Amino acid sequence: MATANMKDVKRRIKSVESTRQITKAMELVASSKLRRAKERALAAQPFFAAVYDTMADVSRDHVFSSIYTKKEVLKTVLMVVIAGDRGLAGGFNNNVLKLAMEKANEHKNEGFTVKLITIGKKAVEYFRKRDFEVLDEYPGIAESLNVYDSLDIAENIIARFRMGEFDRVELVYTTFVSALTQEPVFMPILPVKQMISGSGEKKSLMIYDPSPEEVFDGLIPQYISGILYAATVDSFASEQAARRTAMESASDNADEMIANLSLMYNRARQGQITQELTEIASGSLREE
Amino acid sequence: MRPFKLKIITPEKTFFEGETQQLIAKTPAGNVGILAGHTPYAANLVASPLKVMQEDGSFRVAAISAGMIKVRSSECVVVASAVEWADEIDVERAKRSKEDAERRIKEQKSQKEFERAEQKLKRALNRLTVSGGKY
C-alpha cells in the first residue's frame, strides 16, 4: 500500500513541477513584455500632449463651430472596447468586458442604439456572442500596434461619424495604474468636449493657417488615433501586468503544493523504511 | 542666421530634438519656411518631405505623414504620425505598401475604402520620393 501511495505522490509532484515551469515562464515573459509596453506607453505621451494642447488653444482662442464639437441629438452610440488577446491574466479581460457590457446595457435601456468596434481577441469573441451590431473587429493588433493601424481605425471612425452613423463615440479599456493595479475605465471621445488647456496662456496671437476651424478639424484624426494608440498600449501593459501577477501567484501556489507533497512523500518513504525494519527485526526474532 | 529650437514628435518617440536655422514644411496651402523669430503659427501638414537645415547650410530631408506644425516663442514643434529620415526609409516596404494601395484602389470596394487606399498611396509615394532624393 505504501509503495503505491508513494508512486502516486511522486507522479503528482512531477505534474505540479511541470505546471510550475510553465507558469514561471509565462511570468517571466509577461514581465519583459510589460517593461517594453510601459516604455511605449511613456513614449506616446509627448505626442498626445502636443496635439491636445493645440486643440485646447484653438477651442479657447476662438468662437467656432466644428462638426466634432456639436451637441448631439443622441440616437446611436459607438463603443470602442479594448481587451486582451489571451487569457490567463487573472480578472483582466473579465473586468473590462463587464464594464463595457454594463455601459452598453445602460445605453440600451435609455433607448439608444449601440454599435461596437472591438479590439483584442477576447473582446471580439465576447461581443460576437452577444446581441450587438459590431462594425469592425481588430483581433491581435495590440502587441505590434503601429501608428498606421491606429490611424486606420481612427479614420474609419471619423468617416462614419461624419456620415452620421453614430453621434457619440466612447472608449472602454484598461488603464495601467501600477504593476499590481489595473483599472477598467470608460472615456467619451467624440464629440470633443470643452478642453482644459495645457499652456495656460490667455488669448495668444497664434496665426492659424488657413483657419482655426481647419486646424482643429485637421487635428482630429491625429487626436483620435493618438487616443486609440495610447489606450491600446496602455491596455496591453495592463494585460501583461495582470498576467504577471496571476502567474506569480500560480507559481507560488505550485511551490506550496510541491512542499506539501514532498512532505507527504517523505513521510510515506519513512513509514515504509520503518515497516521494513520492523519486518526484518521481527523475522530475526522469530528465528532465535 | 539665428538658430531656433525644433522638436519633431511621433506617437512612438520624440524623433528629433535640437536646433536648426530653417525648416521647410508643406501645409495644405503650400510650402512654408520657418526661421527664428517667426510669429506664433499653427497649421496642418500633409504627407510631404520635411526639410531641416543643418549647420553646414544643407538640408536634411525626412518623409512625414499628416500632422501639424506649431511655432511659438522661439520654439517649433512638428507633430506627425510617422517621420523617417530619407536615408532610413525602408524602400522595399514603401514599394509594397504602394502596390497594396494601388491594388485596393483598382478594386474600388467603396468610397471609404477608396479614400483610405488613396491616403495610403500618398504616404507610400511620399516615402518613395523622399528616399529617391527627388523633391
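Helix α6 of chain A covers residues 212-287; helices here are DSSP runs of H or I with at least four residues, strands are E runs of at least two, and both are numbered from the N terminus. Its 76 residues reach 110 Å from first C-alpha to last, close to the 112 Å expected at 1.5 Å a residue, the expected span being 1.5 Å times one less than the number of residues. Please keep in mind that this is a predicted model, where local features need pLDDT of at least 70, side-chain atom pairs count only at pLDDT 80 or more, and totals for chains, interfaces and linings use all residues. Residues are numbered from 1 along each chain as its sequence is written, while chains are lettered from A and ligands numbered from 1 in the order in which they are written.

Now look across to chain B. The contact takes 27 residues from chain A and 23 from chain B, counting residues whose C-beta atoms, placed from the backbone, lie within 7 Å. On the chain B side, β5, β8, β9 and α2 each give two or more residues, with β5(B) providing the largest share, 4 residues. Strand β6 of chain A (residues 207-209) pairs with β5(B) in the parallel sense over 3 bridges; pairing requires at least two DSSP bridges. There, A:Ile207 has B:Tyr41 as its bridge partner.

Terms used. Two residues are in contact if their C-beta atoms, placed from the backbone, lie within 7 Å.
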